[in-house]
Amino acid sequence: MRPPRHPWLLTLLAGVTTAVFLLPVYWMAKTGLTEPDRILTPSPQWVPTPLTGENFDTALGYEGLTRALLNSLVIAGGVVALTLLLGLPLGYALARVRMRGSGTMVFALLVAQLPPAIVLAAPLFILERRAGLDDTYLGLIAADTTLTLPFTVIVLRPVLRAFPPELEEAALVDGCGLPGVLLRVVLPLTVPGVVAAAGLSFLLAWGEFLFGLTLAGDSDVQPVTVLLNAFIGQHGTAWGALMATATLISLPVVCVFALFQRFIVGGLTAGGVRG
Amino acid sequence: MTPDHRSPANGHRSPAARRRRQGYLFCLPGLVLLALFLAYPLFYNLWTSVHEVQLSTLLGGPQRFNGLANYRAVVSDPGFWHSVRLSVVFTLGSLLFQFTLGFALALLFARPFPLNGLLRSLLLIAWLLPPVVSGTLFRWLLDAESGAYNALLRAVGLDTLTHDWLTDPGTALAGVMFANIWVGVPFNMLLLLVGLHTIDPELYEAAAIDGAGAWQRFRRITLPLMRPVSVTVLLLGLIYTFKVFDTIFVMTGGGPVDATRVLSLYVYEVFFAFFRFGRGSAAGVLLLVVPLLAGALYVHRLRKETVEGGPA
């Protein structure tokens with residue numbers, strides 16, 4: 001497109017639009033930083049004065065919040081590890097190795113993203129109970145990985161395919177097996193794609209709710225998303241503490257996104273249906 | 001899709017075979033996990049849907065085959081059809097707004113200007129927030145007394161429009177749709193932006209030289225060339241708007257009364273609140289119909305694109 005005549009006017013327009021659009025996020029952080037008795041007023045303050053950490057103190061004083069935050073970290077970390085461990089070789093083989101049935105496998109991975117989580121949560125509830133996997137990290141990590149793995153492979157496959165095959169061929173001729181090629185040649189050169197996949201898996205797993213609710217609802221491994229929802233019922237009008245908790249849950253998301261922003265946007269647009 | 005023909009074996013037959021064998025081994029662990037935690041549960045769900053499963057027989061014990069009784073029970077439940085209607089309204093309403101708003105934003109961000117990338121990334125935050133967080137947030141924003149939107153209305157003198165959005169059955173669905181649209185706009189924008197960037201800028205220049213105004217260029221060039229991308233974006237949107245659960249569950253829990261009990265929440269309630277496992281499974285199978293149909297269309301289009309447009 002032609003360069004616009006007044007580029008800063010467009011910046012202004014886009015800036016105002018973005019600000020209006022992100023008002024809810026501001027409101028969340030703002031409420032968390034407002035003195036509790038100034039939150040529930042018919043005409044709320046737009047800029048809280050004085051700023052206070054009181055709501056954060058209250059939130060962190062709730063029994064189980066730190067534990068739930070740690071649980072979410074363990075679960076999301078486990079999901080990222082498992083997704084990369086299984087997804088990298090799978091994506092690589094589907095991108096590079098001529099195999100009978102690889103078309104079918106790619107098709108299956110696309111289809112795997114279609115079922116609504118609730119349709120999966122119901123039978124998993126029964127099956128994990130029978131296998132003793134309910135209320136365990138492993139049970140949650142495995143369930144969450146069914147969401148991240150198909151997505152990751154579909155994002156990674158084009159990345160791995162765009163990689164020039166000559167280097168791999170050379171390594172293969174030198175007697176390097178497929179695992180060696182993947183680890184020593186391909187992986188170091190496809191770091192951005194892998195980072196995007198890891199970041200997206202983390203975001204999905206960190207925000208996951210339904211499996212947490214149904215497979216670990218009120219146990220010691222309950223993720224923080226489930227706890228937040230429980231808070232709404234129990235502390236229904238304690239909006240300050242609720243918004244402080246919501247802000248705490250959002251911080252890792254914003255950090256991961258800020259760190260790997262370029263990679264993640266690239267990974268997203270590379271395609272795939274999100275669970 | 002990968003064409004499935006054998007590699008040319010000119011003299012390297014055994015390395016190629018070894019490579020293929022290793023390739024299968026590479027696929028195995030991932031596929032095993034998906035088989036155990038995705039495929040098997042889905043088949044098991046199908047099995048449960050034609051059996052009588054109760055809380056007492058959940059972990060073993062006699063589970064009687066009862067044919068289509070669970071399905072009959074679901075489709076003769078007025079609550080089910082109410083959920084279907086809500087799902088249709090919720091999905092179509094969300095799609096309409098998140099697509100048009102996303103398109104408008106994509107048109108804006110397709111133009112080069114300072115800070116374009118930064119602002120675009122900031123917008124994505126709405127989509128990246130965990131649904132439980134955005135649900136809680138909008139519950140607060142739409143709160144009757146001190147919610148920001150009512151405060152905003154009062155601030156501009158529109159006191160008569162203030163409303164208890166989420167506890168009035170008449171507006172609760174609009175309320176959860178509002179939140180869902182907010183979440184969906186950035187993703188629509190992002191995908192449509194990619195589409196806009198693939199349009200050859202020379203087309204616009206040629207049209208401008210021929211004297212076409214901005215509106216004409218939009219109607220005659222942008223719209224027709226964006227049609228394939230738009231259909232894809234709408235299909236993807238349909239697939240995951242139809243199965244939205246978290247946002248609604250957190251905002252209203254399906255209420256007030258049953259004003260926001262879309263299909264996914266209906267399945268949840270039958271299964272996890274009333275413990276009617278067979279019936280819940282049957283409802284789950286019915287819930288699969290729409291995403292699978294939309295998915296079939298999507299894969300069909302993907303295949304056509306890769307065949308016509310070269311390798312993906």
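How many residue pairs are in polar contact between chain B and chain A? In this predicted model, the count is nine, with both residues of each pair at pLDDT 80 or more. Salt bridges between chain B and chain A number zero. The side of chain B that touches chain A is made up of 74 nonpolar, 16 polar and 15 charged residues. Helix 1 of chain B, spanning residues 13–48, provides the largest share of that side, with 20 residues.

In terms of contacts, 105 residues of chain B meet 104 residues of chain A. The size of an interface is often expressed as the accessible area that is lost when the parts come together. By that criterion, about 9,800 Å² is buried between chain B and chain A, and carbon and sulfur atoms account for 77% of this area. Of the area that chain B buries against chain A, 9% is supplied by B:Arg19, B:Phe26 and B:Trp140, more than by any other three residues.

The fold of chain A was then examined. Chain A contains 13 helices and zero strands, and its pattern along the sequence is accordingly written α-α-α-α-α-α-α-α-α-α-α-α-α. Taken along the principal axes, the box filled by the C-alpha atoms of chain A has dimensions of roughly 70 × 65 × 30 Å.

Backbone geometry was considered next. Most peptide bonds are trans, and most residues other than glycine have a negative phi. In chain A, the peptide bond from A:Thr49 to A:Pro50 is cis, with an omega near -10°. A:Pro50 is located in the loop that runs between helix 2 (23–32) and helix 3 (54–61) of chain A. In chain B, B:Gly255 and B:Pro256 are joined by a cis peptide bond with an omega of about -10°. The loop between helix 10 (246–251) and helix 11 (263–273) of chain B holds B:Pro256. A positive phi, about 60°, is found at A:Asp135, which is not a glycine. A:Asp135 belongs to the loop between helix 6 (117–131) and helix 7 of chain A.

Rolling a probe the size of a water molecule over the atoms shows where empty space remains. Over the whole structure, five cavities of 30 Å³ or more were found. By residue class, the lining of the second largest cavity comprises six nonpolar residues, three polar residues and one charged residue. Helix 7 of chain A (residues 137–162) contributes three residues, the largest share of the lining of this cavity.

Notes: Residues numbered from 1 in each chain as written. Chains lettered and ligands numbered in written order. Predicted model: local features only at pLDDT ≥ 70, side-chain atom pairs only at ≥ 80, totals over all residues. Heavy atoms only, no water. 1 Å grid on protein atoms, 1.4 Å probe; cavity = no way out; pocket = protein on both sides within 12 Å on 5 of 7 lines; lining within 4 Å. Points joined across faces, edges and corners; volume = space filled by probe spheres on them. Helix = DSSP H or I, 4+ residues; strand = E, 2+ residues; numbered from the N terminus. Nonpolar A, V, L, I, M, F, W, Y, C, P; charged D, E, K, R; others polar. Contact = heavy atoms within 4.5 Å. Buried area = accessible area lost by both parts, 1.4 Å probe. Salt bridge = Lys/Arg side-chain N within 4 Å of Asp/Glu carboxyl O. Polar contact = N/O pair within 3.5 Å; in protein donor to acceptor, adjacent residues only side chain to side chain.
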